[in-house]
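Welcome to this short briefing on one protein. Please look over the sequence and the 3D picture before reading on.

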Amino acid sequence: MEQGSEENMESSWTLLSWLASGVMVFGGAVPYVPQYQEIQRTNNAEGFSTRVCLVLLVANILRIFFWIGKQFELPLLLQSVVMILTMLVMLHLCCSIQSSNRVSTKQHHITDLDLRYFWSWSSFEDYLMFCFAFTLLCAFITFLFLDWVLFVEALGSLAVMFEAMLGLPQLLQNYNNLSTRGMSVKMVLLWTAGDIFKTTYFVINESPTQFVVCGAVQIIIDIAILLQVGYYGQDTRIKLG
């Protein structure tokens with residue numbers, strides 16, 4: 001009887017573990033669904049900082065190379081792949097909206113090598129080109145120093161440092177605009193819930209320390225953005241975006 005009870009508990013724990021892993025892989029992409037819908041509904045992408053996409057693309061590309069040097073949980077690797085695809089989808093939408101709303105015929109491209117317009121390019125292909133070039137650079141450096149433990153740890157720290165700054169571009173954009181209009185509050189609430197969940201996941205699964213620190217910093221920034229929502233007010237918004 002006791003053996004049967006233990007087997008049931010073990011199978012339940014396995015199921016929960018699989019569910020938690022599934023949430024880790026796909027949960028990070030969920031907050032961007034309401035923001036995507038908000039941009040489509042308003043036909044305006046100005047409230048969403050595309051530099052959030054920059055931060056997450058860099059962080060997750062670095063995390064993939066960190067995994068090559070230090071093979072942590074597979075769900076975290078898969079999460080990086082899903083997040084990269086999600087950010088490319090968001091960038092594609094923003095580029096499409098900005099292109100349809102553009103008044104000036106002047107366009108800016110990555111090949112112009114003009115730092116004033118870095119990450120403010122006119123074409124989605126420019127962002128793809130950046131990601132491709134950055135990935136090649138990371139691959140070259142990683143395979144050159146892969147045997148150095150210090151380098152691998154530094155790579156992991158750099159990846160999570162970027163990820164920890166995920167909400168910072170949005171925080172700064174809200175501050176500069178003195179408004180959170182155009183930003184989906186649902187997105188930030190889902191960020192907060194997801195960051196609390198994944199930080200707990202990191203602690204329980206004894207993930208590398210870098211991941212735990214990253215999660216804690218993200219929660220603090222999420223709370224700061226939610227405070228902005230209250231401070232700047234949502235007078236013109238009838239319901240949450």
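How do the axes of α3 and α6 cross, and within what distance do they come? Their axes come within 8 Å and cross at roughly 155°. Keep in mind that you are looking at a predicted model. Let's start with the whole chain and then visit some helices and loops.

**The overall picture**

- The protein has nine helices and zero strands, so if you follow the elements from the N terminus on, you read α-α-α-α-α-α-α-α-α, with helices as defined from DSSP runs.
- Of the 241 residues in the protein, 46% are buried.
- Take the contacts with a separation of 6 or more: 79% of them are between residues 24 or more positions apart.

**Helix α3 and its two partners**

- α3 covers residues 51-69, while α6 covers 149-164.
- With a crossing angle of roughly 155°, α3 and α6 are therefore roughly antiparallel to each other, a term used for angles over 145 degrees.
- The crossing of this pair, α3 and α6, is left-handed.
- On the α3 side, the residues that meet α6 include V55, L56, A59, L62 and F66. On the α6 side, the residues that meet α3 include V152, L155, L158, A159 and F162.
- α3 also has a crossing with α4: these two axes come within 9 Å and cross at roughly 150°. That makes α3 roughly antiparallel to α4.
- The contact between them involves V52, C53, L56, N60, I64 and W67, among others, from α3, and L74, L77, S80, V81, I84 and M87, among others, from α4.
- The crossing of α3 and α4 is left-handed.
- Look for L56 in your viewer: L56 is among the α3 residues that meet α6, and L56 is also among those in the contact with α4.

**Helix α9**

- α9 runs over residues 209-232 and has 24 residues. From its first C-alpha to its last it reaches 35 Å, close to the 34 Å expected at 1.5 Å a residue.
- Which residues of α9 are buried? Among them are F211, C214, G215, Q218, I219, D222, I225, V229 and Y232.

**What the UniProt record says**

- The unreviewed UniProt entry lists residues 15-36, 48-68, 74-97, 127-146 and 210-232 as "transmembrane region".
- In the model, residues 127-146 are 95% helix and 0% strand, and the end C-alpha atoms are 27 Å apart.
- Residues 210-232 are 100% helix and 0% strand, with end C-alpha atoms 33 Å apart.

**Two loop residues to look up**

- N43 lies in the loop between α2 and α3, and its phi is near 55°, a positive value in a residue other than glycine.
- Is N43 buried or partly exposed? N43 is partly exposed, with a relative accessible area of 37%.
- L178 is in the loop between α7 and α8. Although L178 is not a glycine, its phi is positive, about 55°.
- L178 counts as exposed because its relative accessibility is 57%.

Notes. Residues numbered from 1 in each chain as written. Predicted model: local features only at pLDDT ≥ 70, side-chain atom pairs only at ≥ 80, totals over all residues. Heavy atoms only, no water. Helix = DSSP H or I, 4+ residues; strand = E, 2+ residues; numbered from the N terminus. Expected span 1.5 Å × (residues − 1). Buried < 20%, exposed > 50% of the residue type's maximum accessible area, 1.4 Å probe, protein only. Contact = heavy atoms within 4.5 Å. UniProt positions renumbered as here; feature names shortened; annotations may be inferred. Axes fitted to C-alpha atoms, helices over the stretch in contact; angles between N-to-C directions. Parallel < 35°, antiparallel > 145°, perpendicular 65-115°, else oblique. Left-handed = near helix turned anticlockwise from the far one by under 90°.
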